[in-house]
Amino acid sequence: MRGVPRFKNDEERRLGKAQSSRDWHRVTRHEAWFRKHESPTRESSKAPPTLAELREAFLHRNDSCENMIRLGSMLEDIEAKYHVGYEFYSDHFEHETFYEVEYDAPWLTGIRGYIKTDPFLLSKYKTLMRYKKLSADFRVAIELYDPNPASLVFETEVEDWLVPIQKKAKELLRSSNGSFRALTRLIKDLNGV
């Protein structure tokens with residue numbers, strides 16, 4: 001109705017306007033984030049590992065640089081399947097649109113959402129992200145592109161197109177002498193970072 005005031009007093013009106021402004025800014029901010037992250041960051045031809053496989057890979061990551069890259073590759077496979085994102089729900093009511101945003105969505109999706117049921121892996125989240133970045137940079141350095149995971153170069157049975165890439169990978173790992181720092185330094189030099 002047109003003549004009926006929405007608010008009973010000035011205080012309700014002030015609080016209503018402030019809430020409306022906060023809601024508008026919140027929705028705008030989340031929509032901008034969603035538009036920027038609406039598609040998965042990458043694709044992978046490999047299925048994501050189980051939590052047990054991921055935990056095992058984490059426990060043996062320091063055995064060799066190859067194991068570090070395998071762990072990172074597993075995380076990239078998870079990221080490809082379970083990308084991060086907000087979920088928006090809109091309701092239209094008498095020419096107004098109300099947005100319901102699932103605030104916990106980024107924490108329930110992606111790698112963090114995948115490992116949320118394993119407290120040990122969840123407590124190592126930042127460390128896991130270092131290995132995921134190592135794997136991604138390694139793929140760029142050896143010129144291995146999507147949807148091929150970095151762990152593909154460690155397979156014994158490979159196709160002909162993969163042989164030169166596998167040689168680059170082995171040379172890079174040999175030059176690092178099994179050191180994480182040396183490997184990241186070599187990758188940075190190759191990638192021009």
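This note covers ring pairs, charges over rings and salt bridges in a predicted model.

1. Local features need pLDDT of at least 70 and side-chain atom pairs pLDDT 80 or more, while totals for chains, interfaces and linings use all residues. Residues are numbered from 1 along each chain as its sequence is written, and side-chain values use heavy atoms, without hydrogens and water.

2. The whole structure contains three aromatic pairs (Phe, Tyr or six-membered Trp rings with centres within 6.5 Å; planes under 30 degrees apart are stacked, over 60 edge-to-face, the rest tilted). One of them, Tyr-131 with Phe-180, is edge-to-face at 5.6 Å centre to centre and 70° between the planes. Tyr-131 lies in helix α7 (residues 125–141) and Phe-180 in helix α9 (residues 180–191), so this pair ties together parts 49 residues apart in sequence. Helices are DSSP runs of H or I, at least four residues, numbered from the N terminus.

3. Tyr-131 is buried at 4% relative accessible area (buried is under 20%, exposed over 50%, partly exposed in between; 1.4 Å probe, protein chains only). Arg-130 lies over the face of Tyr-131, 5.8 Å from the ring centre (the cut-offs are CZ of Arg or NZ of Lys within 6 Å of the centre and within 35 degrees of the ring normal).

4. There are eight salt bridges (a Lys or Arg side-chain nitrogen within 4 Å of an Asp or Glu carboxyl oxygen). Among them, Glu-79 meets Lys-132 at 3.3 Å, N to O. Glu-79 lies in helix α3 (residues 65–81) and Lys-132 in helix α7, so the bridge ties together parts 53 residues apart in sequence. Glu-79 is buried at 17%, and Lys-132 is buried at 16%.

Terms used: Helix = DSSP H or I, 4+ residues; strand = E, 2+ residues; numbered from the N terminus.
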